Amino acid sequence: MKQEDDVERNAALLIVDVQNDFCPNGALHVPDGDRVVAPINRAIDRFRAEGLPVLASRDWHPPVTRHFQEYGGTWPVHCVRETTGAAFHPDLRLPPDVVILSKGTDPDRDSYSAFDGASVDGILLEELLETRGIDHLYIGGLATDYCVKATALEGILIGKKVTILIDAIAGVDLATGDSDRALAAIRQAGGEFLRVEEL
């Protein structure tokens with residue numbers, strides 16, 4: 001985010017799915033998933049200090065969805081809307097003006113990407129970025145090999161610059177190397193990588 005004279009004004013921080021069910025003791029926990037909270041909080045502080053937007057996506061599934069194993073999907077029940085598991089991690093310091101994007105609300109779609117998410121007033125992420133003139137997304141969150149990957153690749157596809165905060169992500173790695181392959185795909189698509197302290 002650093003430039004020689006000033007922070008770029010067209011940037012936003014996008015926090016992907018840092019929810020209880022994806023953290024230790026959650027229904028679909030990412031190994032050590034809560035380790036992303038501290039670096040993301042530092043990134044939030046940096047963006048707030050510069051007056052730049054902070055966005056946060058969340059899985060917000062209905063109780064019955066084909067995303068879940070018992071209805072033909074891949075995953076155990078997780079992040080059911082209005083449950084404790086769907087809440088953001090309690091140590092995540094989201095600012096009062098954070099824009100929350102709910103995804104996974106359609107029972108017929110998996111909706112890994114935050115670009116499937118909509119704000120409380122129904123505005124999809126892409127439209128929100130265009131309205132605010134945001135061309136550069138800095139992304140952290142969970143999980144590297146699913147929702148972070150899908151969000152990053154879709155952002156690049158629609159012409160946004162994407163920077164992954166490499167110390168603020170963690171993966172599921174159902175198959176060994178899934179996260180590494182996800183990062184390689186993002187890099188090949190044109191994504192960049194940065195540590196939070198380099199912001």
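The model is predicted: local features need pLDDT of at least 70, side-chain atom pairs count only at pLDDT 80 or more, and totals for chains, interfaces and linings use all residues. Residues are numbered from 1 along each chain as its sequence is written, and side-chain values use heavy atoms, with hydrogens and water left out.

**Exercise 1. Find which residues of helix α2 are buried, and what they pack against.**

Step 1. Locate the helix. α2 covers residues 125-132. Helices are DSSP runs of H or I with at least four residues, strands are runs of E with at least two, and both are numbered from the N terminus.

Step 2. Pick the buried residues. They are Leu125, Leu128 and Leu129. Buried means under 20% relative accessible area, exposed over 50%, and partly exposed in between (1.4 Å probe, protein chains only).

Step 3. Check the side. These residues cover an arc of only 100 degrees around the axis, so they sit on the same side of α2. The arc is taken from the directions from the helix axis to the C-beta atoms. An α-helix has 3.6 residues a turn, so residues three or four places apart point the same way.

Step 4. Name the partners. The buried residues of α2 pack against β1 (11-16), β2 (54-59), β3 (99-103) and β4 (136-142). Contact means heavy atoms within 4.5 Å.

Step 5. Look just past the helix. Gly133 takes a positive phi of about 70 degrees.

**Exercise 2. Describe the aromatic pair of Phe47 and Tyr138.**

Step 1. Apply the rule. Rings of Phe, Tyr and Trp (its six-membered ring) pair if their centres lie within 6.5 Å; planes under 30 degrees apart are stacked, over 60 edge-to-face, the rest tilted. The structure holds three such pairs.

Step 2. Classify. Phe47 and Tyr138 are edge-to-face, at 5.6 Å centre to centre with 65 degrees between the planes.

Step 3. Phe47 is in helix α1 (residues 37-49) and Tyr138 in strand β4, 91 residues apart, so the pair links distant parts of the chain. Both residues are buried.

**Exercise 3. Work out how Trp75 and Tyr146 pair, and whether each is buried or partly exposed.**

Step 1. Classify. The pair is edge-to-face: 5.0 Å centre to centre, 90 degrees between the planes.

Step 2. Trp75 lies in the loop between β2 and β3, and Tyr146 in helix α3 (residues 144-157).

Step 3. Compare accessibility. Trp75 is buried at 5%. Tyr146 is partly exposed at 23%.

Step 4. Widen the view. Trp75, Tyr112 and Tyr146 form one aromatic cluster.
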